[in-house]
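This briefing goes with the sequence and structure shown below.

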Amino acid sequence: MKTAAVICEFNPLHNGHAALLRAARESGADRVVCIMSGSVVQRGELALFDKYERAVHAVRAGADAVFELPAEYVLSGAPQFAFGAVNAACALGGETELFFGSECGDVGTLENAVALLGSDKTNAETARLVATGMNYPSALAKAAAACAASSDETAAAEALSSPNNVLGIEYLKAIIDTGRKISYNTVRRPPFDAASAPTSSSIREVLLSGGEASGVPEFTVQSAKRLSASFGHRSERLLSLIKYLVPHARKGVHDDSEGLSDRLAKAAENAVDLNEYLALAKVKRYPMARIKRLTLNILLDNRYSHNELKNRPVRFLNLLAADRRTADGTLGSVSAEVCATRRDLEPFADDFSVTRRADELFSAVCYPFARNARFV
């Protein structure tokens, strides 16, 4: 059985995401399975809709099943996010091909970028730029551009300026580093257009401000209308928890370094709104997504180290939604334990603890939701 594995967030699902799922299906796959972020997303934010709502959207757009990427991987950097997602995809069983969207839409360019980033020259130049105070993503992109020695390498370096290209590169690196026998393909994301090809970020901005989104399926529109009452006070509720918990954070939280959590604590004590908190917490050395992720890691008391994340076996997969017509065949070949209810997750309580706290945070800030898999 051939599986097309799609790593995603669908926050929210738009027409471009639906096109990616169609492309995965048209590749000749027997089933399309998503590995999706849950209550928190990689930008260091709470998702717009709860994870089950978004998983149902994925099934309606063409997926056979949606499994959750544990929150500790979601709230880490791109390499750990990619490693966790690739590991989960490899537990699906059968012949697996990884599908993902990218701005360049060219596997060869991404492969060239992997080689360029792996060179000693690029690594040395990146370290030099970081030592000057430049944040790591910017330093990496600038170093790659400086070290490119051909037109192909120049194109590869230019790909580093786009976020989905960067994630795609990390997926390829994770496959290489782990020696996984998994193929991969990418689908080009169309250029941004507010009406026909919006980004998830632009859609969230419209919906959170009370507008109506375009470029999305009707089920996304209906979910937004039904859940719009929860949009109004999220920032205030989240800030209240930040002000209460961040100043009292224990040491050893995931991705804390150079006293960054101390800076966040001072920002929490002085901020009057969420935007001010982020402005006070921001430092040149780290991108805003890193600040947001560390904030959520503190709230969730995520204490996994990078090394622990890289050495964890996939003992279970948390099922969020599945097509009831194909569920038996899709789920039957998964090598890990499939969990569809809270009771199923009880034997894995330790491994699921950060994800469970992420669900509780989402429920407190956004709205409560039932935590059982949906069969559509």
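The model is a predicted one.

**Position and contacts of Phe99**

- Phe99 sits in strand S6, which covers residues 95-102.
- Neighbours within four places in sequence set aside, Phe99 is in contact with Ala4, Ala5, Val6 and Ile7, and also with Ala23, Ala24 and Ser27.
- Asn185 and Val187 complete that list of contacts of Phe99.
- Leu227 is 128 residues from Phe99 in sequence, and the C-alpha atoms of the two are 30 Å apart in space.

**Cysteines**

- How many disulfides does a search of the whole structure find? The search gives 0.
- Cys147 is in no disulfide, and the nearest cysteine sulfur, belonging to Cys104, is 20 Å away. A disulfide would need the two sulfur atoms within 2.5 Å.
- Cys147 has 10% relative accessibility and therefore counts as buried.
- Cys339 is likewise in no disulfide; for this residue the nearest cysteine sulfur is that of Cys34, 19 Å away.
- Is Cys339 buried or exposed? Cys339 is buried, because its relative accessible area is 0%.

**Fold and overall dimensions**

- The chain contains 19 helices and 10 strands.
- The radius of gyration of the chain is 20 Å. A compact globule of 376 residues would have a value near 21 Å, so the chain agrees with that expectation.
- Along the principal axes, the C-alpha atoms fill a box of roughly 55 × 50 × 45 Å.
- Among contacts in the chain with a separation of 6 or more, 77% are between residues 24 or more positions apart.

**Burial, surface and charge**

- Of the 376 residues in the chain, 53% are buried.
- What are the numbers of positive and negative side chains in the chain? There are 44 positive and 44 negative ones.
- The centres of these two sets of side chains lie 3 Å apart.

How values were computed: Residues numbered from 1 in each chain as written. Predicted model: local features only at pLDDT ≥ 70, side-chain atom pairs only at ≥ 80, totals over all residues. Heavy atoms only, no water. Helix = DSSP H or I, 4+ residues; strand = E, 2+ residues; numbered from the N terminus. Rg over C-alpha atoms; globule rule 2.2 N^0.38 Å. Buried < 20%, exposed > 50% of the residue type's maximum accessible area, 1.4 Å probe, protein only. Contact = heavy atoms within 4.5 Å. Lys, Arg positive; Asp, Glu negative; His and termini not counted. Charge placed at Lys NZ, Arg CZ, Asp CG, Glu CD.
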